[in-house]
Amino acid sequence: MKQAQKEHTTKRYGMVIDLDKCTGCGSCMVACMSENNVPFKTDESNKLDSITWMQVYKLTNGKSYPNTEICYLPRPCQHCAGKHEGHSPCVSVCPATATDYSKETGIVSQIYTRCFGCRYCMGACPYHARYFNWWDPVWPEGMEKYLSPDVSPRMRGIVEKCSFCFHRYQLARNKVYLEGRKDLDEDEYQTACTQACPAGAIKFGDLYNPEHEVHRIAQPDMQHGGRPQNPHVFRLLERLGTNTKVYYMSERRWVRKAGDNYLPGEFENPGAVAGSH
Amino acid sequence: MDAALIPKGVKRCPMWQFLLALGVVGAVLAWGVYAMLLCWIKGLNQTNMNDYYGFALWIWADLAVIAVGGGAFFTGFLRYVIGKNELKNIINYAVLIGFICYSSALLILAIDVGQPLRNWFIFWHANIHSMLTEVAFCLSCYFGVLCIEYIPLILENRQIDKVPFFHNLSHNLHETMALFAATGAFLSFFHQGSLGGVAGVMFGRPFAFREHILVWPYTFFLFTWSAAAYGPCFTLLVTWITEKITRKKLVKDNVIELLAKISGWMILSYIIVKGIDTSYWANITAKSMGLSLHDFYGRNWFYGYWMLFTELVICGVVPAVILITSHGRKTAWLRVTAITLGVVGVCLNRWVMVLQIMATPVMTFDKFVLYYPSWQEVATTILPVAYGIILILISYRYLPIFPQEAELNPIDTNEPVSRETAIDADAGTDSTDTAADMAPA
């Protein structure tokens, strides 16, 4: 009985991003920064030390005109579960338990007041989804009045990253509780980037819930680490065993191939690799 | 001026020379302290680290000093646990060098974290699954052991030793030193190993990731092995440099050659195992992730194959072959070349296991990023070197670091006794009454 209850209440929030719809407009990045009080510098030209929880990469197929193709790939934190639930690359290495994996939601959190800035998690993350606060956050005068009251700003010397807008989940849970309901509807908890995307390329929801769009698109095989069963869906660096919760979709083979590393001939021979395509 | 503090039966340079040396190195130290304060006050934006290089020069320096400081635990292990009695004549210096290396590592770590005032969180909120937690605990404990090993040496200063309490304390500490040496070896095994594990458990970084034995990746064992192999090289190198600067023979050749020989065999065995590990990693582990050796070494000139060759062959096979042959280790220039290559080799290994991991892209559309340190990083990395030199200067002048020094450098009693020379007539220049001799055989 307890097991059944646990299964009923446990979520695996995740995302599916349709790369064929993404135009690279950057709305998701802007919405994310605004929603989460992400600090910025006066000069943002050095991208190696600027904070972008949501980062849009530009991919090309490497061919010359007129066969050139472009793909924009938004990359939030992938919220890895690892080979066994909770063994994310970053969570397993943090010496001070300052980043944690929620078995209730599948979300990897960052505890800002506990992080002491060793940056081991950054080194362990292959997606570069973690950012260090090299400076104290400073907003232009007056702008601090427009900061979100639901998200604490971070101080210098600690690591931060995408939280799947966890504060929205908390607010939604509060609402549901006050209304005497037990469960969230799909649209009651959505991330800022999902709502900001003008092309509707980003879908967000519970991967466990067959009624949610992310489940219907990705068709995750939960018996095998959530591996997508939709042949057009893949996850970044699937072969590392990071077991991410951000799925990407594309009709284009070269885009799907760009999602992981393959030795010559491996991608063309799907049977040889327990991979993503 | 300070003749009363100088060990019996040995000669030291005039005070003005000593102070001049202290002043020069002290200026470098002050430069490092200034940079350190900048980092603490203004933050890590003073460095050239970035979100691709969360680990950089400092972590390399940390790993490198701990590796070369491994001479302390391994020499202690050989002396007290295995019973290589000859090594009593170099163990004091090995302990001093180890003490400097480990205190330097702790200092660098204190600068390296973004919130230094929260350093204690690593103990308070410890994640027992993290290799870094294991590092923190073992490193702190072993530094405590090194303090206990270094304290008796301080207590042997002529003036301190006159106080009966300190004399007896020192004697009793020596009596139990085998226990501390064994404890140190045990702790060192784990923290050297867990430093290797820091890289080896990163399964999101194929360049670093290694398969496991129980919970420990292969790098765990390789780091311990390499520290035991190359650490004595550093002890020998610093001893050689000290001899050149003081223009004295401080340790007899049989002691040097014994340690060099052991180091040589350790390096040889390490290189064989390291070669097997590299081969397995390149052909099995990396390929299972869709990557080949060329993806790691063939895409960037700086992190090219030359680095792998230098680490394994020039700084591995070559010093091993020199040191295991009698002719090699008895020929001074060959021996010094070998131990220098050994020190470079282990430092290069630590560089690769920190910096190249950060440099190598994992996502197919990511880029190879290079990094160069800021002057603040360089200054704070030189800071511990200056601190180490100062500690050696003071320790050498006032403490009986080298038990064989008086015997190897007899003072001509016909010469007028200078103020910096201390000859204890009634003790019969009994300069060998040192830590090493008082310790159990």
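Domain bounds come from an automatic or database domain assignment. For chain B, that assignment gives domain 1 (1–48 + 372–399) and domain 2 (49–371). The model is a predicted one, in which local features need pLDDT of at least 70 and side-chain atom pairs count only at pLDDT 80 or more, while totals for chains, interfaces and linings use all residues. Residues are numbered from 1 along each chain as its sequence is written, and chains are lettered from A and ligands numbered from 1 in the order in which they are written.

**The two domains of chain B**

- The centres of domain 1 of chain B and domain 2 of chain B, taken over C-alpha atoms, are 22 Å apart.
- Their contact takes 23 residues from domain 1 of chain B and 21 residues from domain 2 of chain B, where two residues are in contact if their C-beta atoms, placed from the backbone, lie within 7 Å.
- On the side of domain 1 of chain B that touches domain 2 of chain B, helix 1 and helix 16 of chain B are the elements that give two or more residues; helices (H or I, at least four residues) and strands (E, at least two) are DSSP runs, numbered from the N terminus.
- Helix 16 of chain B has the largest share of that side, with 10 residues.
- That side of domain 1 of chain B has 15 nonpolar, six polar and two charged residues; Ala, Val, Leu, Ile, Met, Phe, Trp, Tyr, Cys and Pro count as nonpolar, Asp, Glu, Lys and Arg as charged, and the others, Gly among them, as polar.

**Helix 1 and helix 16 of chain B**

- The axes of helix 1 (residues 15–42) and helix 16 (residues 375–398) of chain B come within 8 Å and cross at roughly 145°; axes are lines fitted to C-alpha atoms, for helices over the stretch in contact, and angles run from 0 to 180 degrees between N-to-C directions.
- The contact of helix 1 with helix 16 of chain B holds 20 nonpolar residues, four polar and one charged.

**Helix 2 of chain B**

- In helix 2 (residues 57–68) of chain B, 12 of the 12 residues are buried, meaning that 20 or more other C-beta atoms lie within 10 Å of a residue's own, with C-beta atoms placed from the backbone.
- Among the buried residues are Trp58(B), Trp60(B) and Asp62(B).
- The cover over these buried residues includes helix 4 (88–112), helix 10 (218–246) and helix 16 of chain B.

**Chain A against chain B**

- The contact takes 43 residues from chain A and 41 residues from chain B.
- Helix 3 of chain A gives the most to the side of chain A that touches chain B, with four residues.
- By class, that side of chain A has 27 nonpolar, nine polar and seven charged residues.
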